[in-house]
Amino acid sequence: MKLNILLEHVDKAMNFPLLDIDVDIEGIATNSSLVRPNDIFVAIPGYRVDGHHFIEDAIRAGASVVVGEKEIKDLMVPYVRVPNSRLALAKMACQFYGNPSRNKVVIGITGTNGKTTTSYMLKYILETSGKSCALFGTVQNVVNGKVLPSINTTPDALELQKQFAMSEDEIIIMEVSSHGLSQYRVEGVEFDYCLFTNLDNEHLDYHRDMEAYFSVKASLFDQLKPNGMAIINHLDSWGKRLADQLTHKGCKIYLLGNKNHHDLQIVNYKPGISTIAFEGNQSLELRLNILGKHNLVNAAMAFLTALSIGIPQHKIVFSLETFPGVPGRFEVLHHPNGATVVIDYAHTADAFYHCLQTAREEGANRVFHIFGFRGDRDTEKRREMMSVSKEISDVQILTLDDLNDVPYEEMEQVLYTLSDGGYVISDRTLAIKEVLEHTHKGDWVCITGKGAEDYQQKFRLPTASDKETVQFLFQQSDQSANQDFNSFH
């Protein structure tokens, strides 16, 4: 691609006509070690590493043009100075790969909680109905049926546009994080459907406050295609506010709520069977395999979206009722002694509430809650999380989550400071072991914060995740029971 075409939509802070516009660009790179001859290198000032420090390395590797934010002179290749390297990268990537989102049905899901479950439900509904779907999200990415690792909830702009271009899928579903929006990772992506699940106190270490957090989330809806549709959880107060904003803009909106004017209403919720209504109060019953009112809301969001795409109602119902769930999202495991163990990604006060409250609604005798706090992350939400846990669970066990370069001793002190009557067992695997050894039939153990993620640091037991730890301890419990039985006989 010619340089002038690649930079067509990029705001430049220098006199562009002075550049050699006839330069042929064969690729784009942001990592100097990945530069190939005739690539354009984009220097991005990161949080730990500044790409401007690697410009000379990129040129030695064959970069024919460099893009950056800082004033730099006397380079051996043309240098394009831009106000924002991340934004420039996104626009160039979109141009380089031919604006691939224009030729796909693209669904973006944003919000604090529920993005992953809603995206998996929607993918399951669509694929059960014969449509092929790509997925970009927290747990994994799937393109052309091939599973790819997920580093961030929303991939960087260059990788995202590349994967969009490679995708032969009819529909692309993606979770869109606030970081992804604020860092222009989805800049240039045009969406057919944008979903808003909810907003809770989260990422305020990154965003200034809830107003700024909401504003970033709401910006996703500016990228709807001309005939695109917004699907909003009107049960959430921030969802109501977003709906008002979009109504003033003339956006086409479908609302989920519990009132007659909502496009889809949650009429009744109870474990095992719930009632939803739509299109003039026509109602139907849903029997979901996955537990919790929050998952009924996720299902309703997926229902509305699939219906809008044109999937028949009976196929949506069938898919939702056979949906197997998502790894690490209210994943239920059954202890040999009759206790129930839940592994969940919950890491906000609202997510805690839904996870623990579901255990109560399912008739738990006692609720044990194992959780921690991530190092170098939003500290303002911690006390609220602790408060919700104490209100609903019977026993709170605080343990280490990801340290994120915070010293072990420092995070351990945080746990003791915030424990407020709960127990502190720093080693996460030993915390799970201790709790499981004290459970009985009818007890529920909710292990939150990690979900399907692997541990960042080593713990005492030879396991890599919460689920592995639970399964390892179940196996030990079975072996112990068999030994006791054999010795008795």
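1. Start at the hairpin of β13 and β14: five residues sit between the two strands, and Gly272 there takes a positive phi near 95°. Helices (H or I, at least four residues) and strands (E, at least two) are DSSP runs numbered from the N terminus. Keep in mind that this is a predicted model, where local features need pLDDT of at least 70, side-chain atom pairs count only at pLDDT 80 or more, and totals for chains, interfaces and linings use all residues. Residues are numbered from 1 along each chain as its sequence is written, and side-chain values use heavy atoms, with hydrogens and water left out.

2. Now the pairing around that hairpin. Strands β13 (residues 264-268) and β14 (residues 274-278) run antiparallel over four bridges, with Ile266 partnered by Ile276. On to β12 (residues 252-257): this strand pairs with β13 in the parallel sense over two bridges. The partners are Leu256 with Leu264 and Gly257 with Gln265. (Two strands pair if DSSP finds at least two bridges between them.)

3. Zooming out, these strands belong to an open sheet of eleven, ordered β8-β7-β6-β9-β5-β10-β11-β12-β13-β14-β15, with mixed pairing. At the edges are β8 (146-148) and β15 (282-286), each pairing on one side only. From one strand to the next, the twist averages 20°.

4. What lies across the sheet? Helix α9 (residues 293-309) lies across β5, β10, β11, β12, β13, β14 and β15, and runs at about 155° to β11. Helix α10 (residues 313-322) also packs on the sheet, touching β14 and β15, and its direction makes about 25° with that of β15. Axes here are lines fitted to C-alpha atoms, for helices over the stretch in contact, and angles run from 0 to 180 degrees between N-to-C directions. Contact means heavy atoms within 4.5 Å.

5. Lys104 deserves a look. Its place is the loop between α3 (85-96) and β5 (105-110). Lys104 is buried yet has no salt bridge, and the nearest side chain of opposite charge, Asp169, is 6.3 Å away. Buried means under 20% relative accessible area, exposed over 50%, partly exposed in between (1.4 Å probe, protein chains only). A salt bridge needs a side-chain nitrogen of Lys or Arg within 4 Å of a carboxyl oxygen of Asp or Glu; for charge, Lys and Arg count as positive and Asp and Glu as negative, while His and the chain ends are not counted.

6. What does the Lys104 side chain have instead? A polar atom of that side chain lies 2.6 Å from the backbone oxygen of Ser167. Leaving out residues up to four places away in sequence, Lys104 touches Phe164, Ser167, Glu168, Asp169, Glu170, Ile172, Asp192 and Lys225.

7. Helix α7 (residues 210-218) has seven of its nine residues buried, so this helix is largely enclosed by the rest of the structure. Among the buried ones are Tyr213, Phe214 and Lys217. The buried residues of α7 pack against β5, α4 (115-128), α6 (178-182), β10 and α8 (237-248).

8. Last, Ala157 in helix α5 (residues 157-166). Ala157 is buried, with a relative accessible area of 5%. Not counting residues up to four places away in sequence, Ala157 touches Ala90, Ala93, Tyr184 and Arg185.

Conventions
A polar contact is a pair of N or O atoms within 3.5 Å; within protein, one must be able to donate a hydrogen and the other to accept it, and residues adjacent in sequence count only if both atoms are side-chain atoms.
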